[in-house]
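This report describes selected strands, contacts and surface features of one protein model. Please keep the sequence and the 3D view at hand while reading.

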Amino acid sequence: MEVKEIESKISEIDGKISGLRSQKADLMTQLRDAKQIEFETKHGVKSGDKMTTKVGATYFYDRLIITAYGHILVLCHPVKNDGTASKADRHIDEEDF
C-alpha cells in the first residue's frame, strides 16, 4: 500500500469515528434528560429543592449532568450555615439518594 492510500483510509476512518462520537453525544444527552425526568419524579424534586442523601447530608438539587468520563451524576450544592445554597458544586451518584 502506498502512502496516499494509507492516508486516505485513515481519513475515512477518522470521519466515521467523528460521526459515531456525535451520535454517542446525542444519545448521552437524551439519556441524561430521560434519567433527569425519572429522578425528579421518583424523588418529587425540582431544581432548587433540598434533598437528603442516604447518609443524612443535605444538598440543594440542581440537575443531572454528564461528566467528562461519560457518567451521569446529580449536580447539587451544599447548604451553607445560613440555610442557603452554596455556589460550590457536588457531583453525587443517583444511588446515594
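## Terms and basis of the model

Helices (H or I, at least four residues) and strands (E, at least two) are DSSP runs, numbered from the N terminus. The model is predicted: local features need pLDDT of at least 70, side-chain atom pairs count only at pLDDT 80 or more, and totals for chains, interfaces and linings use all residues. Residues are numbered from 1 along each chain as its sequence is written, and side-chain values use heavy atoms, with hydrogens and water left out.

Strand S3 comprises residues 72–78, and seven of its seven residues are buried. Buried means under 20% relative accessible area, exposed means over 50%, and partly exposed lies in between (1.4 Å probe, protein chains only).

Two strands pair if DSSP finds at least two bridges between them. Strand S2 (residues 58–66) pairs with S3 in the antiparallel sense, over seven bridges. Within this pairing, Tyr59 is found opposite Pro78 of S3. S2 and S3 form a hairpin with five residues between them, and Gly70 in the turn has a positive phi of about 90°. S3 is also joined by three bridges to strand S4 (residues 90–92), in an antiparallel arrangement. Here Cys76 has Arg90 of S4 as its bridge partner.

Thr53 is located in the loop between strand S1 (50–52) and S2. Is Thr53 buried or exposed? Thr53 counts as buried because its relative accessible area is 9%. Leaving aside residues up to four places away in sequence, Thr53 touches Tyr59, Asp96 and Phe97; contact means heavy atoms within 4.5 Å.

Glu94 belongs to the segment after S4. With a relative accessibility of 18%, Glu94 is likewise classed as buried. Residues up to four places away in sequence again being left out, Glu94 touches Lys35, Phe39, Leu64, Ile72 and Val74. The side chains of Glu94 and Lys35 make a polar contact at 3.5 Å. A polar contact is a pair of N or O atoms within 3.5 Å; within protein, one must be able to donate a hydrogen and the other to accept it, and residues adjacent in sequence count only if both atoms are side-chain atoms.

## A residue of helix H1

Ile6 lies in helix H1, which spans residues 3–43. Ile6 is partly exposed, because its relative accessibility is 37%.
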